[in-house]
Amino acid sequence: GLRVLEVYDRLYAIAALSGSGAQGGKVARLAELLRQLSALEGRYTLRIVQGQLRLGVGDATILDALAASAGDPGLRALLERCYNLGSDLGLAAQLLREQGAEGLRRFSVCPGRPVRPALAQRLTSPEEVLRRIGRCQVEPKYDGFRLQVHRLGDTVRLFSRSLEDVSGQFPEVA
């Protein structure tokens with residue numbers, strides 16, 4: 001019975017809740033929203049909340065569509081580079097629309113905007129690694145939490161491997 005924009009606004013408000021009692025507030029607001037939706041609407045709303053909508057359209061498909069919409073499939077590589085450095089498909093689309101290929105080319109890493117992690121390729125030996133990438137620095141891999149640490153002046157933000165801002169979880173690191 002709600003309009004899509006109303007559901008969006010409520011989900012956005014739930015996501016923005018923070019501080020003491022935020023978890024309880026999120027649960028209460030989500031429960032209230034679900035009471036106002038049909039079973040089918042609730043099912044898809046919960047999939048959105050859980051990040052499991054699974055429409056069969058992934059990031060690669062969106063990048064292909066953006067390049068095609070610009071009439072130049074060759075822009076795909078520039079769009080992907082922008083997305084990898086800025087972790088925001090919407091930003092890549094906006095740059096393409098407003099500044100074209102040149103805007104995508106000029107895009108660079110910016111503190112406070114996480115970089116998408118690259119998948120590593122396994123190699124059989126340290127010698128093979130050195131042959132492949134040359135001189136490098138390595139360190140032991142420990143179990144734990146991988147973080148990107150971004151510092152801009154006195155502001156420090158921490159991002160998880162899934163690009164979530166986890167600064168509040170680790171104030172001693174920040």
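Biologist: Leaving aside its neighbours within four places in sequence, which residues is Ser 160 in contact with?

Modeller: In this predicted model, Ser 160 is in contact with Phe 145, Arg 146 and Val 166, once its neighbours within four places in sequence are set aside. Ser 160 itself is found in the segment after strand 2 (155–159).

Biologist: Why does Ser 160 count as buried?

Modeller: The relative accessibility of Ser 160 is 7%, and buried means under 20%, so Ser 160 counts as buried.

Biologist: What makes a polar contact with the side chain of Ser 160?

Modeller: The partner is the side chain of Ser 162, at 3.0 Å, a value that can be set against the limit of within 3.5 Å for a pair of N or O atoms.

Biologist: How do you know whether helix 1 is roughly parallel or roughly antiparallel to helix 2?

Modeller: Helix 1 (residues 4–16) and helix 2 (residues 22–35) pack at an angle of about 165°, with their axes 9 Å apart. Because angles over 145 degrees count as roughly antiparallel, helix 1 is roughly antiparallel to helix 2. Among the residues making the contact are Val 7 and Leu 11 of helix 1, and Leu 30 and Leu 33 of helix 2; by class, this contact has seven nonpolar, no polar and three charged residues.

Biologist: Why are helix 4 and helix 6 called roughly parallel to each other?

Modeller: The axes of helix 4 (residues 59–69) and helix 6 (residues 89–106) come within 11 Å and cross at roughly 5°. Angles under 35 degrees count as roughly parallel, and helix 4 and helix 6 are therefore described in that way. The residues of their contact divide into six nonpolar, no polar and one charged.

Key. Residues numbered from 1 in each chain as written. Predicted model: local features only at pLDDT ≥ 70, side-chain atom pairs only at ≥ 80, totals over all residues. Heavy atoms only, no water. Helix = DSSP H or I, 4+ residues; strand = E, 2+ residues; numbered from the N terminus. Buried < 20%, exposed > 50% of the residue type's maximum accessible area, 1.4 Å probe, protein only. Polar contact = N/O pair within 3.5 Å; in protein donor to acceptor, adjacent residues only side chain to side chain. Contact = heavy atoms within 4.5 Å. Axes fitted to C-alpha atoms, helices over the stretch in contact; angles between N-to-C directions. Parallel < 35°, antiparallel > 145°, perpendicular 65-115°, else oblique. Nonpolar A, V, L, I, M, F, W, Y, C, P; charged D, E, K, R; others polar.
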